[in-house]
Amino acid sequence: MSLRGFRVWAKNSKTEPYSVIVDSSSQSCSLLIESNAVITIDKETAEQAKRFYEKLTDGYGLIGILHTSRQEGYLGVITGAVTVGQLHGNDIYKVTSVQFLPLFCAPNEVNDARISDLQRLLSSGMFFFASCGDGQKLFDLTLCAQERNSHSTSDHRFFWNRNLHFPFEKYGIPADDWCLRCMSGSVLVKTVYVGQHVAKIALISRLSQERVGTRFNVRGVNDNGSVANFVETEQLILHDNRESSFVQIRGSVPLFWDQPGIQVGSHKVQLRAFEISAPAFGRHFDALRKQYGQVCAVNLLGSKEGERKLSQAFASAHKNGEATKQVPYIEFDYHAQMKVSKDSIRHLEKKLAAFMDSYSFFHANSSAAIRQQLGVIRTNCLDCLDRTNCVQSMIGLQVLKKQLEYVLDESTKANIFARFEDTAKDLWQKNGDQCSVIYAGTGALEGKSKLRDASRSLARTIQNNLMDSSKQESFDLLLHGCTFGDRQFERIASVFPQSVVQANYSLYECPSAVDSLVERIPDMTVTEKLSLFVGTWNVNGGKNMYNVAFRGESALSLWLFPQGVVPYDIVCIGLEEIVDLSAGNIVKTSTTNQRIWCDGIRKTLIENTGIQYVLVGCDQLVGVCLYVFARPRLAPHIGGVSLDKVKTGMGGATGNKGSVALRMSVYTTSLCFVCSHFAAGQNEIKDRNEDFATALRKIRFSRGRDVSLHDLVFWLGDFNYRISLGGEEVKRSVRNGELDYLVQYDQLTQQKAVGNTFQDFSEGPLTFAPTYKYDTFSDDYDTSEKCRTPAWCDRILWRNSGSKNLVRLLKYDRAELKTSDHRPVFSIFELNALKLDAVRCRNVYKDVVECMGPPDGIVLYSIEGYPQFPSQIYSRISQKLQELCAPVLMSKIEGRHLWLVLENGEMALAALSLDGLKLAEGYILHAQLKTSDWSSLGNVEFPGSQDERGCDERKVASENVSLFNFDDDDDEPLAPVKSLVPPERPPAPVRSFANLQQAASTAPYSMPVDPLHSSSSQPCLFQNSIPVVPPRPSPLNWP
């Protein structure tokens, strides 16, 4: 490919679709792009057509076509590049300028900020490509030397613009003839003279695109086992037809963890329970061992704040993991050791010496490979930047000496070795800077200059906390295009394994196939019945958690187990006003109560069921807190966990009101839980509606998912909707059991009926008395001066957007806990989670691919006996296709064939019906498909089902279950956690979930009388299910 050998032309016509022609000096034809379709045309035809086209730009090559929606695409052109050296006769270029040209209108008619940000990202100097001359073999930057020697397939982990090649592959155009393969990371090449000969030494760092993101936006591992900031660094030496390569890797700690909130000089880390991380942890090391052979893990984390907890979690996961039994683990507190002595790193070097020797390196000459690298050293710190750079440099320089012994002749002078070593040191320093710039926005912190390190730290703080969000969005747009946040695609991505989704272009470029697969999800899955408990409670600041009266009750078990003990599969608890909504807590919220309530809820679950429930995730927004627990046996099948929160207090400025949300997938069914506290006040109906709308609009999870993209949504909390009646009338109706009358005046019911809020959500019947507002430790509604009207403030609603019959409500009720001015509410559901069946999935996928027809939608027509297709009958064929509802997108005549590009493969199959048709004047029409073997796209291997071995849920190691880490409060010591459950209470007998269903369907429900005016002949609410409440103490004697 010659330098700047591409030229792009465009035609903007009011009567015809926008059209683009691409010329390449190295190709014998040109590209024609129109209506999102791509075909080749001969040079002569292109030259004639260009008389009506306008030149747009010249470039070094194409990145590909990026679709930002199903209708809108952009052609990526590299318009600026600088060479960084030569390897194997290929010029290696760094991309310095990229332009995305719209394929649907003129460039000056569109102004998309996302495209501008993406152009800025791709022009930042972190992307590289290789270019070779005619007849030469292209140097694939995505492959290390050992991989290039064994096969020629690109490594998709480092092939960043692979998805942008798919539109070319869809239309049968060799993508490599027109598009470049781009790698992100660092490429540094230096020439070293060895006598009269020239040698090359290079450092190539390949950043993986599987879990890419900026420093505080992407941490840890994902469900597929890919980790953040995963970089493969290759130390390559070329001399006299000899090649030597040594590979190291780095990557984030392979657990589910993140750093929430603003991080200024802080190392606070939030971890999830080990049981949730274990499957992804195992997949990560299984993939490394499959790719690299043996693996040695080197952990450089220190003892400060969250680093210590993260390091301990890594060590525990390694100790208990099946996949790491053969993986050596070495801990080295880099900061602490280097403070003791700068030579302390030699101790680490001695520990690694045996692994460097046994893992070896790759070496080959012109005829064959002589040595193979048998293993890899995996290094991590918190960010996998500064400390990792230093340790990898040390390892690389040690192996360099052994590489040179093979590459250089024995007669080489000693100063040549020193020259290589000095050059390598310089390359390692620059490599560290470039890797750091990609992930953190600045060069590496080296410890040599305090002033420079301080300025870089300050720049990182500003960049990572305030400016990285747009960069993260650009990464997502580049890698996912219009599939990012697309409901249909996300639904299939949650069902199919990642290896199937990314196997070829069919799911990315054929929306009709995705739609068909979504419709047939029931045919690819089997149902797994699960039980779900959802509860919400406004705890009034949590003031009375330790009150004597509270401890006298069998508190939380009455709420969590209202009909005896049921071992739920999933438990979701939402708390409101977990702290006082004071100005101090709004500015900086205490998390002490969050931890205490979590321990109390979990202890209640464990003591009543004997099952060691796992905390899937939790988050807090001032007073709103959401917890989700799951049984350990379900943990391997839970994925995609993500949290978000939205402030709605004072117009979104404060978090005294707001929502906390958690999403996850169970098997292939996606669940979303939202806990909210809406605006208070009898008449603030509009504000509450706006709070709901704001939360629905602003909640965003990973991969751009919003609330609407989930199969099941459970929305719970203190919504503060009131009853539009007078207080005395409401109390009288409650006392008389006239709840149906009150429901008519319930504000949420009214607003929902007219479509102002909670559209398409369902709620169980309100057969329990209003839950607000009570005098604490009393059955009396509010007797204060304000004497608020009772209301159903606390609610639980749900929405089923997935397959039918995914959820069934078994019970919707309240519990009689009296430490707050609200009563807790709960719902018990039965879920029919969808579980992938690999055999069914394979058959359905293949059937859908076969039925969708050729993806390119191209039909070739010819006229019997005519070596050149007669152009005058094109209009007749077009008319016939119109009758078949198959409009033509593009056409060309090439020899005896008329090429017609139709909208999709189904239309192409319909167009085959014209085969053998006799037209006027004796023309006999023949039709054939350009791509007749499209069904081979369906030959994709589906992995077998996950390991279904059960676990003893009563014997899960307590040290693993408790690894979930909360943000500790800096300014208050943590007091010993007090139990929310009386220790003397014996565990209740465990009942089956089937019994609960039977009880829920057969037991009649009698409407209790409001205790407000109850007498000895009128029982209190649920008096048969709760212990006697101690007498309410006088105000002077309250504890």
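Reader: Which residues touch the most other members of the largest nonpolar core?
Author: In this predicted model, the largest nonpolar core has 133 residues, and those that touch the most other members are Phe-496, Met-664, Phe-673, Phe-714 and Tyr-861.

Reader: And which helix gives the most to this core?
Author: That is helix 6, covering residues 274-292, which gives seven residues to the core. The core also draws at least three residues from each of domain 1 (526-835) and domain 2 (857-930).

Reader: What does Met-664 touch?
Author: Setting aside residues up to four places away in sequence, Met-664 touches a list that includes Ile-570, Val-616, Val-628, Ile-638 and Val-641, together with Leu-671 and Phe-673. Among the others that Met-664 touches are Gly-639, Gly-640, Thr-669 and Ser-670.

Reader: Which strands pair with strand 3?
Author: Strand 2 (residues 19-24) pairs with strand 3 in the antiparallel sense over four bridges, and within that pairing Val-20 stands opposite Ile-33. Strand 4 (residues 37-42) also pairs with strand 3 in the antiparallel sense, over six bridges, and there Cys-29 has Asp-42 as its bridge partner.

Reader: What sits between the strands in those hairpins?
Author: The hairpin of strand 2 and strand 3 has four residues between its strands. The hairpin of strand 3 and strand 4 has two residues between its strands, and Ser-35 in that turn has a positive phi of about 55°.

Reader: Changing topic, why is strand 9 said to be largely enclosed?
Author: Strand 9 (residues 127-131) is largely enclosed by the rest of the structure because five of its five residues are buried. In a regular strand the side chains alternate between the two faces of the sheet. In strand 9 both faces are covered, with Phe-127, Phe-129 and Ser-131 buried on one side and Phe-128 and Ala-130 buried on the other.

Reader: What about the pairing of strand 9, and which residues stand opposite each other?
Author: Strand 8 (residues 90-102) pairs with strand 9 in the antiparallel sense over four bridges, and Tyr-93 stands opposite Phe-129. Strand 10 (residues 183-194) also runs antiparallel to strand 9, joined to it by two bridges, and Phe-128 stands opposite Met-183 there.

Reader: Back to phi values, what is phi for Asn-229 and for Cys-384?
Author: Asn-229 has a positive phi of about 50° although it is not a glycine, and Cys-384, likewise a residue other than glycine, has a positive phi near 60°.

Reader: Where are they, and are they buried or exposed?
Author: Asn-229 lies in the loop between strand 11 (197-207) and strand 12 (231-239), and it counts as buried because its relative accessibility is 6%, under the 20% cut-off. Cys-384 is in the loop between strand 20 (375-380) and helix 10 (386-407), and it counts as buried at 0% relative accessibility.

Reader: Where is the cis peptide bond?
Author: The cis peptide bond joins Tyr-772 and Lys-773, with omega at about 0°. Lys-773 is placed in the loop between helix 25 (747-753) and strand 29 (794-800).

Reader: Okay, and what is the side chain of Ser-676 joined to?
Author: A polar contact of 2.7 Å joins the side chains of Ser-676 and Trp-715. Ser-676 is in strand 27 (residues 669-677) and is buried, with a relative accessible area of 0%. Leaving aside neighbours within four places in sequence, the residues in contact with Ser-676 include Glu-576, Gly-658, Leu-716 and Asp-718.

Reader: Last one, how many helices and strands does the protein have?
Author: The protein has 30 helices and 35 strands, and buried residues make up 58% of its 1039 residues. Among contacts between residues at least 6 apart in sequence, 71% join residues at least 24 apart.

Technical notes
Residues numbered from 1 in each chain as written. Predicted model: local features only at pLDDT ≥ 70, side-chain atom pairs only at ≥ 80, totals over all residues. Heavy atoms only, no water. Core = buried A, V, L, I, M, F, W, Y, C linked by side-chain atoms within 4.5 Å. Buried < 20%, exposed > 50% of the residue type's maximum accessible area, 1.4 Å probe, protein only. Domains from an automatic or database assignment. Contact = heavy atoms within 4.5 Å. Polar contact = N/O pair within 3.5 Å; in protein donor to acceptor, adjacent residues only side chain to side chain. Pairing = 2+ DSSP bridges.
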